[in-house]
Amino acid sequence: MATSYATVQTAPIDGQKPGTSGLRKKTAVFRNPGYLENFVQSVFDGTGGAEGKTYVIGGDGRFFNAEAVDIIIRMAAANGAARLIVGQNGLLSTPAVSNLIRKYGTDGGIILSASHNPGGETGDFGVKFNAPNGGPAPEAITDQIYDRTQRITEYSIAEQVACPVGQPGRFTVGETLVDVIDPVADYEALMQELFDFDAIRALFAGGFRMCFDAMHAVTGPYAKRILEDTLGAPKGTVINAIPSPDFGGGHPDPNPVWASQLVGIMNGPDAPDFGAASDGDGDRNMIMGRGTFVTPSDSLALLTAHAHLAPAYAGKLAGVARSMPTSQAVDLVAERLAIPCYETPTGWKFFGNLLDAGMATLCGEESAGTGSDHIREKDGLWAVLLWLNILARDGRNIVQLQQDHWRSFGRNYYARHDYEEIPTEIANALMDSLRAGLAGFAGTEVGSLRVAAADEFSYDDPVDHSLTEGQGVCISFDGGARVVLRLSGTGTQGATLRVYLERYVGKDGDHGMVVHDALEPVLRAADSLARISERTGRDKADVIT
Ligand code: VG1
Ligand code: CO
């Protein structure tokens with residue numbers, strides 16, 4: 001029987017503006033009639049229509065993932081898409097989607113995820129469109145999509161038909177071919193090209209132990225297959241490996257606060273050699289040694305310094321890039337390697353042009369995102385495998401590598417303080433008044449620190465010269481300390497103020513301070529200049545990472 005299609009009348013819904021990484025809202029909002037449909041239709045309409053196109057579709061398995069995949073398949077079919085590549089059970093990690101888009105030359109991909117935000121019926125849901133280069137749609141495209149959401153009048157969808165995504169294979173919806181694929185296979189093949197799997201296998205065979213916390217999220221199946229089955233890590237190396245719709249009731253954000261189970265194991269009496277975790281959609285990573293946490297900023301610096309030990313990067317580092325709030329540790333490594341280091345706004349979409357142009361090979365963000373030119377997203381498991389490759393070839397352990405690094409380059413003490421769910425007006429007023437005062441900050445003494453410079457970051461993309469303004473306030477002090485303040489673009493309730501603190505201690509300085517103590521003067525200066533406690537009524541941050 002022929003498939004029938006419906007054209008459904010609809011009206012614009014407020015607030016469908018993609019943020020740092022796609023459209024994120026409460027799950028309940030996404031389940032409102034027409035909410036997902038309006039946005040998906042706007043994605044198609046804002047990118048020249050779906051007629052004849054091929055898309056990759058998958059998500060991180062959170063609550064509403066399955067229903068959303070079904071709706072998107074039927075809408076893509078009704079909009080005339082030629083072919084869809086869908087992860088089995090609707091599952092695909094964000095880096096896996098990026099790889100599939102590039103490998104099969106598709107017209108883009110739709111990712112269902114709110115990444116590190118909690119899931120479940122009362123949690124968050126999200127949708128992100130990735131462009132044909134495999135990367136998050138740049139602002140020019142998300143602006144077009146948003147524009148369509150404000151003018152939409154109807155959407156198209158195929159009638160309720162069976163979409164058997166539970167098994168690999170092919171089915172059709174009307175004229176549209178739907179290929180259901182094993183979510184891990186193509187990703188694993190790519191990792192095998194990049195890294196010295198034999199060296200990593202030998203490392204595990206020699207008794208090296210690690211714990212990988214998949215946080216009940218999408219990386220579980222990837223990590224089990226690659227680490228345990230292919231590389232021979234003992235069974236049980238991967239914990240919390242089965243994706244669950246509400247991430248086991250947890251917060252799938254790999255940092256010392258939310259990955260506390262891993263932190264306990266790594267600080268315990270029988271700690272393994274290496275600990276790692278990934279987030280909801282598999283693009284973030286957290287790295288630990290026995291009794292040690294490696295900040296994401298330091299991890300980027302260390303990976304850059306040792307990437308030549310991996311086959312894919314030996315002699316191939318064209319440059320590095322970091323988001324503005326990320327510590328300047330990697331800048332020092334780039335300087336020594338005599339390669340350029342670019343500073344971009346927060347969000348992976350800003351790395352895309354640099355990667356496409358071959359100007360940067362490695363990229364990273366302080367929020368536990370690291371990646372390379374192998375795809376156009378950050379990649380949690382890739383970072384873990386690069387670390388394993390380095391550990392296998394270098395011989396030192398993580399604690400030694402980190403300490404040697406600080407002795408060679410100095411240490412950038414670093415922490416991020418998040419003040420969550422602040423009323424939006426208060427957060428905006430705080431940032432506005434900070435901006436208004438910026439011009440007068442230089443030369444001001446605050447406690448033991450003196451302001452060297454203060455400005456708001458704007459980015460002139462060196463490839464396409466697009467200008468992105470208002471990307472966070474940066475105040476630097478004499479001696480190399482820095483504070484950055486910006487509002488989050490991924491939250492779904494109120495505003496989150498992020499305060500990023502950094503203090504550099506040279507190679508002969510004290511690298512053994514408690515991080516909080518080392519950053520205390522910078523925190524005090526930040527509070528006094530931005531009047532954070534006075535304006536928010538809070539005497540400390542909700543989450544410190
Ligand atoms: C946060 C992080 C940013 C990251 C973004 C998406 O954005 O700070 O570095 O790129 O999340 O990551 P914001 O605007 O809330 O600070 V993910 O893994 O949540 O897609
Ligand atoms: Co993520």
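**Cavities, pocket and metal site**

Modeller: By class, 14 charged, 10 polar and 3 nonpolar residues make up the lining of the largest cavity. Keep in mind that this is a predicted model.

Biologist: How much space lies in that largest cavity?

Modeller: About 260 Å³. The lining has 27 residues. Those nearest the centre of the largest cavity are T20, R284, S367, K378 and T490.

Biologist: How many cavities does a search of the whole structure find?

Modeller: It finds 4, counting those of 30 Å³ or more.

Biologist: How do the lining residues of the second largest cavity divide by class?

Modeller: There are 8 nonpolar, 5 polar and 4 charged residues.

Biologist: And which strands supply at least two residues of that lining?

Modeller: Strand 13 (285-289) and strand 19 (411-422) each do. Strand 19 gives the largest share, with 3 residues.

Biologist: Which domains does the lining of the second largest cavity draw on?

Modeller: Domain 2 (187-409) and domain 3 (411-544) each provide at least three residues of the lining.

Biologist: Now the open spaces. What volume does the largest pocket have?

Modeller: About 860 Å³. It is lined by 33 residues, and P18, G19, T20, S488 and G489 are the closest to its centre. T20 also came up among the residues nearest the centre of the largest cavity.

Biologist: Which helices and strands each supply at least two residues of the pocket lining?

Modeller: The helices are helix 5 (139-149) and helix 15 (424-437). The strands are strand 2 (23-26), strand 25 (482-487) and strand 26 (495-505).

Biologist: How do the residues of the pocket lining divide by class?

Modeller: 17 are polar, 9 are charged and 7 are nonpolar.

Biologist: Switching to the metal. What are the protein donors of the cobalt ion, ligand 2?

Modeller: S115 donates through OG. D279, D281 and D283 each donate through OD. These donors lie 1.9 to 2.1 Å from the cobalt ion.

Biologist: How are the donor residues spaced in sequence?

Modeller: The pattern is S-x163-D-x1-D-x1-D.

Biologist: Are D281 and D283 buried or exposed?

Modeller: Both D281 and D283 are buried.

Biologist: New topic: S327. Where is its place?

Modeller: S327 sits in the loop between strand 15 (320-323) and helix 11 (329-337). A polar atom of its side chain lies 3.1 Å from the backbone nitrogen of A329.

Biologist: Why does S327 count as buried?

Modeller: Because its relative accessibility is 1%, and the cut-off for buried is under 20%.

Biologist: What about L337, where is that found?

Modeller: L337 is in helix 11. With 40% relative accessibility, L337 counts as partly exposed.

Biologist: How far apart are L337 and A77?

Modeller: They are 50 Å apart in space, C-alpha to C-alpha. In sequence, 260 residues separate L337 and A77.

Biologist: Last topic, backbone angles. What is the phi of H465?

Modeller: About 55°, a positive value, although H465 is not a glycine. H465 lies in the loop between strand 22 (459-460) and strand 23 (467-468).

Biologist: Why does H465 count as exposed?

Modeller: Because its relative accessibility is 54%, and exposed means over 50%.

Biologist: And what is the phi of R531?

Modeller: Near 50°, again a positive value in a residue other than glycine. R531 is in the loop between helix 16 (515-530) and helix 17 (532-536). At 35% relative accessibility, R531 counts as partly exposed.

Biologist: What separates the C-alpha atoms of R531 and S433?

Modeller: A gap of 9.6 Å. Along the chain, R531 and S433 are 98 residues apart.

How values were computed. Residues numbered from 1 in each chain as written. Chains lettered and ligands numbered in written order. Predicted model: local features only at pLDDT ≥ 70, side-chain atom pairs only at ≥ 80, totals over all residues. Heavy atoms only, no water. Donors = N, O, S within 2.8 Å, 3.2 Å for Na, K, Ca; no water. Buried < 20%, exposed > 50% of the residue type's maximum accessible area, 1.4 Å probe, protein only. 1 Å grid on protein atoms, 1.4 Å probe; cavity = no way out; pocket = protein on both sides within 12 Å on 5 of 7 lines; lining within 4 Å. Points joined across faces, edges and corners; volume = space filled by probe spheres on them. Nonpolar A, V, L, I, M, F, W, Y, C, P; charged D, E, K, R; others polar. Helix = DSSP H or I, 4+ residues; strand = E, 2+ residues; numbered from the N terminus. Domains from an automatic or database assignment. Polar contact = N/O pair within 3.5 Å; in protein donor to acceptor, adjacent residues only side chain to side chain.
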